[in-house]
Amino acid sequence: MSVEIQEIVESAGVNLPNLFDFSSFGLLWKEGLLLYLYQEESCPPSLTQEVVKNMVRVFSALGEEQIDVDRVTVQVEKRKLRPKQMTMDPKATLKSHLTLPLAVEGDIMGCISLNSDQSNAFDAQDLQFFSVIGYQMAATLKHFQRFSSIQNIAIYDTLTDLYNRRYFEERLALEAQKSFYGGTSLSLVMVDIDHFKKVNDTFGHTEGDKVLCRISSLLKASVRKKDTVARYGGEEFFLILPEAGLEESFIIAERIRHLVENTSFDVGQAEINLTVSSGISNFPVHRASSKEELVKMADLALYDAKRGGRNRVCIYNVNQKK
Amino acid sequence: MASVINENKKGKWSGDLLLELYSNLLVEIWEIVSALIGETILELLFTLAIRRIGDKYPFLVSLKVSEDGVSLEGVKEACRGLPPLEVHRGFQSLITHLFHLFSTLAEGVISRELFPKVFQKVREAERIISQK
């Protein structure tokens, strides 16, 4: 969402100087408390601070909730808004502003503000124009927000917040293509919680869901930034590890196995211990010719781990029947 | 007993006048300010102000606000039995808070348009109350 807001602010920043004479234009967005400022290049930092404080003050008054300025993340874009000879006084202060809430369907999503170092810089006509601009911005941002939440529903697993199977398939296709054509390494780790059915049968599905969420967090915490963790279905998970050889992916899978084994899970009134089994496949080591084959190989390796007594990590054995 | 009836009659008379006056005043504020900032934002500001001031003057909560404007339809019933001075103070606080919100947003831009028209009506309300 922050990218879309930034685009809107930049587009407004380019067009607003044709309509108003201002030193700084700001957009404060409630979600994540982000404040984007588009300012005259020569705008002194003291004025920037005043603008930030003023926008937070106005927004607090509208939201009827005091917001701490320190909680706001400020991003400043400086551009030449005035002719070269008209640089701002380094001691310039905020003398006037127009601030309007970004409101859609009764929700205050943030506010926009035009600011000036001149007294009485804005009149009624400016306010009329600015409010029309504010409506359009609010509607556009609301649209982006809806799109973004639909996008989230489409790619995330609602229970665990991990990527869902659909996203996993898409991501794997992309990573496999990169590896197959680029000749880089790609590892796939399939993880399954051992005897998970027992947890559900003994403690109920609600407690079982809590376990799934906890293990999902452990998985997310154990991988690198460029890796993808997805819930494949039930108690099965996949890790896509780009540019990871067998050794590195084995270390990651072992780290997860060890972490789960040493974690106590609260289920109802009880504390239980669980284990996971994992299977690893790798391109180019296992000579998979498609992403489906890579998945199948990881699955077979996982089967090996289960058959070998669980709580272990197995690497696909090329002599195994596919 | 007779004096109580008189007071009630007198009170009701002042109250009705006040309601009519404030009804006109709020409509006027709506017309002027909606032309400047639009109905959606104004509805939001009215709702905020009513919620804030309604804590102290609950009869104000029955004011109906929508993008079409502000209506005092339910207020008459809510004001029944209230001293006119209380009604006057409630509306006065509401208008003061609205002015505060307007000036928070746009400093003097809205107030400059609004003040000359509103000020006279507030004075008129004060005159009605002082006559009582």
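Predicted model: local features only at pLDDT ≥ 70, side-chain atom pairs only at ≥ 80, totals over all residues.
Figure 1. Residues are numbered from 1 along each chain as its sequence is written, and chains are lettered from A, and ligands numbered from 1, in the order in which they are written. Across the interface, 20 residues of chain B are in contact with 23 residues of chain A (contact: heavy atoms within 4.5 Å).

**Figure 2. Polar pairs and the chain B side.** Between chain B and chain A there are 8 residue pairs in polar contact, both residues at pLDDT 80 or more. A polar contact is a pair of N or O atoms within 3.5 Å; within protein, one must be able to donate a hydrogen and the other to accept it, and residues adjacent in sequence count only if both atoms are side-chain atoms. On the side of chain B that touches chain A, the elements giving two or more residues are α1 (2-37), α2 (39-54), α4 (84-106) and α5 (108-131) of chain B. Helices (H or I, at least four residues) and strands (E, at least two) are DSSP runs, numbered from the N terminus. The largest share of this side, 8 residues, comes from α2(B). By class, it has 11 nonpolar, 3 polar and 6 charged residues; Ala, Val, Leu, Ile, Met, Phe, Trp, Tyr, Cys and Pro count as nonpolar, Asp, Glu, Lys and Arg as charged, and the others, Gly among them, as polar.

**Figure 3. The second largest pocket.** About 290 Å³ of space lies in this pocket. Of its 16 lining residues, A:Lys30, A:Leu62, A:Gly63, A:Glu64 and A:Ile108 are the closest to its centre. On a 1 Å grid over the protein atoms alone, a pocket is an open set of points with protein on both sides within 12 Å along at least five of seven lines, a cavity is a set where a 1.4 Å probe fits but cannot get out, and lining residues have an atom within 4 Å of a point. Points are joined across faces, edges and corners, and a volume is the space filled by probe spheres set on them. α2(B) gives the most to the lining, with 4 residues.

**Figure 4. The largest cavity.** This cavity has a volume of about 60 Å³. Its lining includes A:Tyr36, A:Leu37 and A:Gln75.

Definitions and conventions
Heavy atoms only, no water.
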